Amino acid sequence: MEEIFYVNGQYVRKSEAKISVKDLVVLRGFGVFDFMVTHGQYPITLTENIKRFRKSANQIELPLLHSDQEIIEIINETLRKNKQLFSASQEFSIRLIYTGGLSKDNVSYSGDNSFICMVEKFSKDCSVCETGVKIITVDYGRLFPQAKTTMYVPAVLTKMRVHEKGAYEGIYLDQNQFVLEGASSSVFAFFNGVLTTPPLDSILAGVTRSVLLKLAERCQIPIEIRAIHIEELLKAEEVFITSAGKRIIPVVRVNDSVVGSGSVGWQVKALLFMLEEVVLSEIAKGRLMEDVLTNDNLLDEYLKYTKSILSKL
Ligand SMILES: Cc1ncc(COP(=O)(O)O)c(C=O)c1O
């Protein structure tokens, strides 16, 4: 069964979705996108993703003409059409794309943008959560790093390096070898029990990053937002990456260095448990992410879980 996409006011089958080759997104990579997934068939971070989508467009001076309400209606309707095609347990990814539009001279902006909402079947791969993954550092970086633009050449090149090295994700460093972010993920590390992640100055504001920081705060885990040098990352107790599609993926190797004990540590395990088992099960019952993240029970659940895993170590 083929998924249904929304393209400029039309709902069409995936294989029939089209835009012009004269669009600046094709000619110059000028456009923005955003990506989220459903849980219980509900787009769990909808408001945050729309906010970031608009921010990305502002950053590259691309006038996003749709209101938030219009975007929500398009997402809901595209989702509704896809839900009718698949089982009630099927989850979806939602990719919004706003293109630079048709250009008369192939480079100047002249409006006539395309709005695309791609809803596709999604299932999360949990196998790597048990074993952890290897990440590598790569010599690429992004232009307009705070925006989710369609200029993702570095991500495609990173994927090639990742495949060559048998890794899972590649991470970008700044010119002074400080960790920025993954090609499509945010990076976290634990140092002496302090959950540490780079500041937002030169990276994308990951929506999962923000969920995780709120969750950690609720669980009274100490947090530090600061620059992390690559040499320091290699000595972290635990490392993990986050994104909408991956959620939390533990990292057990960075380049040729083993992280901590070389297996998934208890601090990441506890966050995984909290997100996957506690937060998402509440959301599956129809509760909103922002409400779940202010729940006082989170700390109790966290303490109970950490006590049980620490007693087995
Ligand atoms: C460069 C970059 N950083 C971070 C992320 C993680 O963001 P989110 O948690 O919103 O998926 C992504 C997601 O694709 C990304 O492309």
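Analyst: Let us begin with a contact between two helices. Trp 266, Lys 269, Ala 270, Phe 273, Met 274 and Val 278 of helix 8 meet Leu 298, Glu 301, Tyr 302, Tyr 305, Thr 306, Ile 309 and Leu 310 of helix 10. Two residues are in contact if their C-beta atoms, placed from the backbone, lie within 7 Å. Helices (H or I, at least four residues) and strands (E, at least two) are DSSP runs, numbered from the N terminus. The model is predicted: local features need pLDDT of at least 70, side-chain atom pairs count only at pLDDT 80 or more, and totals for chains, interfaces and linings use all residues. Residues are numbered from 1 along each chain as its sequence is written.

User: How is the packing of helix 8 and helix 10 described?

Analyst: Two packed helices are described by the angle between their axes and the distance between the axes. Axes are lines fitted to C-alpha atoms, for helices over the stretch in contact, and angles run from 0 to 180 degrees between N-to-C directions. Here the axes of helix 8 (residues 266-284) and helix 10 (residues 297-312) come within 10 Å and cross at roughly 135°. Angles under 35 degrees count as roughly parallel, over 145 as roughly antiparallel, 65 to 115 as roughly perpendicular and the rest as oblique. Helix 8 and helix 10 are therefore oblique to each other.

User: At what angle do helix 6 and helix 8 cross?

Analyst: The axes of helix 6 (residues 207-218) and helix 8 cross at roughly 100° and come within 11 Å. These two helices are therefore roughly perpendicular to each other. Leu 212, Leu 215 and Ala 216 of helix 6 make the contact with Leu 271, Met 274, Leu 275 and Val 279 of helix 8.

User: Is Met 274 buried or exposed?

Analyst: A residue is buried if 20 or more other C-beta atoms lie within 10 Å of its own, exposed if 12 or fewer, and partly exposed in between; C-beta atoms are placed from the backbone. Met 274, in helix 8, is buried, with 23 other C-beta atoms within 10 Å. Not counting residues up to four places away in sequence, Met 274 touches Leu 215, Cys 219, Val 279, Leu 298, Glu 301 and Tyr 302.

User: How does Lys 269 count on that scale?

Analyst: Lys 269, also part of helix 8, counts as partly exposed because 19 C-beta neighbours lie inside 10 Å. Leaving aside neighbours within four places in sequence, Lys 269 is in contact with Val 264 and Ile 309.

User: Which residues of helix 10 are buried?

Analyst: Leu 298, Tyr 302 and Tyr 305 are buried in helix 10. They cover an arc of only 75° around the axis, which puts them on the same side of helix 10; the arc is that of the directions from the helix axis to the C-beta atoms. These buried residues pack against helix 6 and helix 8. On the face turned away from the buried side are the exposed residues Asn 297, Asp 300, Lys 304, Lys 307, Ser 308 and Ser 311.

User: Which elements do the buried residues of helix 3 pack against?

Analyst: The buried residues of helix 3 are Ile 71, Ile 75, Thr 78, Leu 79 and Asn 82. They cover an arc of only 100° around the axis, which puts them on the same side of helix 3. Their packing partners include strand 1 (4-7), helix 2 (46-59) and strand 5 (91-99).
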